[in-house]
Amino acid sequence: MSEFGTAAGTVPPGGAVIGKRAGSPARRAVNSSAWAVAVPVLLLFGAGVAQWVTLLGVVVVLAVLAVATCLVGGVWHRAGAATLVAVSGFALTLFAGPAVYEGYMRTVGEPVDAVVVDVVDLHRKHGADMVCTVRELGGERRTFEVSQMQNCFGQAGKGDRITVREDPLGLLDPWLPHGPDDQDTSEITAATTAGLTVVVGASVFYGGQRRRNR
């Protein structure tokens with residue numbers, strides 16, 4: 001102990017350990033909030049990209065999940081929050097992909113009259129895999145083969161006339177309309193996506209606010 005100092009490792013009246021400056025609560029809140037917003041936004045972005053280029057979207061999603069779980073679990077030492085981020089983040093991408101696709105098509109997609117040429121159930125290992133062949137009734141009269149990713153679930157049969165939504169940029173395949181028994185599907189998917197987005201953000205924010213210094 002020096003004449004004018006305090007012994008190393010002792011706690012002075014102010015409560016702070018000498019040589020260690022506690023992080024500002026305001027700065028910690030800002031940092032936690034930034035990550036809480038960035039992680040779900042990037043996951044939504046990756047899910048949207050996966051609807052265009054599947055492999056690229058998967059890479060983005062896995063990279064974001066890896067960084068987020070390492071940050072929350074490894075740097076902030078909140079294993080429980082990190083686990084919740086990983087699980088809810090993965091679930092988010094499963095629901096967000098169709099939600100982003102449909103939202104984009106409903107917002108900017110061009111309605112085009114078409115006829116269903118054929119509907120095939122491929123019956124792959126992991127269950128049914130529907131493929132719908134649709135042909136435009138006007139314009140260039142193009143023919144498209146679309147899968148369940150584009151909402152082909154057998155709601156329209158061969159010869160049925162439907163109105164599909166086409167991407168004005170030509171990057172995505174047409175989106176098929178929901179059947180009469182699937183009117184609530186969009187609302188359920190959107191609500192689930194919103195709920196999981198909140199869970200991911202809240203988990204990251206909690207981990208940041210309750211981080212441990214080791």
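1. Helix H4 (185-209) has buried residues whose cover includes H1, H2 and H3, with contact taken as heavy atoms within 4.5 Å. The model is predicted: local features need pLDDT of at least 70, side-chain atom pairs count only at pLDDT 80 or more, and totals for chains, interfaces and linings use all residues. Residues are numbered from 1 along each chain as its sequence is written, and side-chain values use heavy atoms, leaving out hydrogens and water.

2. The buried set in H4 is Ser186, Thr189, Thr193, Leu196, Val200, Gly201, Ser203, Val204, Gly207 and Gly208; buried means under 20% relative accessible area with a 1.4 Å probe, protein chains only. The end C-alpha atoms of H4 lie 36 Å apart, in agreement with the 36 Å that its 25 residues should span at 1.5 Å a residue (1.5 Å times one less than the number of residues). Helices are DSSP runs of H or I, at least four residues, numbered from the N terminus.

3. In H1 (residues 25-50), Ser32, Ala36, Val39, Pro40, Leu43, Gly46, Ala47, Val49 and Ala50 are buried. Their cover includes H2, H3 and H4.

4. The axes of H2 (residues 54-75) and H3 (residues 79-108) come within 8 Å and cross at roughly 165° (lines fitted to C-alpha atoms over the stretch in contact; angles run from 0 to 180 degrees between N-to-C directions). That makes H2 roughly antiparallel to H3, the class for angles over 145 degrees.

5. On the H2 side, Val61, Leu65, Ala68, Thr69, Val72 and Gly73 meet H3 residues including Val85, Gly89, Phe90 and Thr93.

How values were computed. Helix = DSSP H or I, 4+ residues; strand = E, 2+ residues; numbered from the N terminus. Parallel < 35°, antiparallel > 145°, perpendicular 65-115°, else oblique. Buried < 20%, exposed > 50% of the residue type's maximum accessible area, 1.4 Å probe, protein only.
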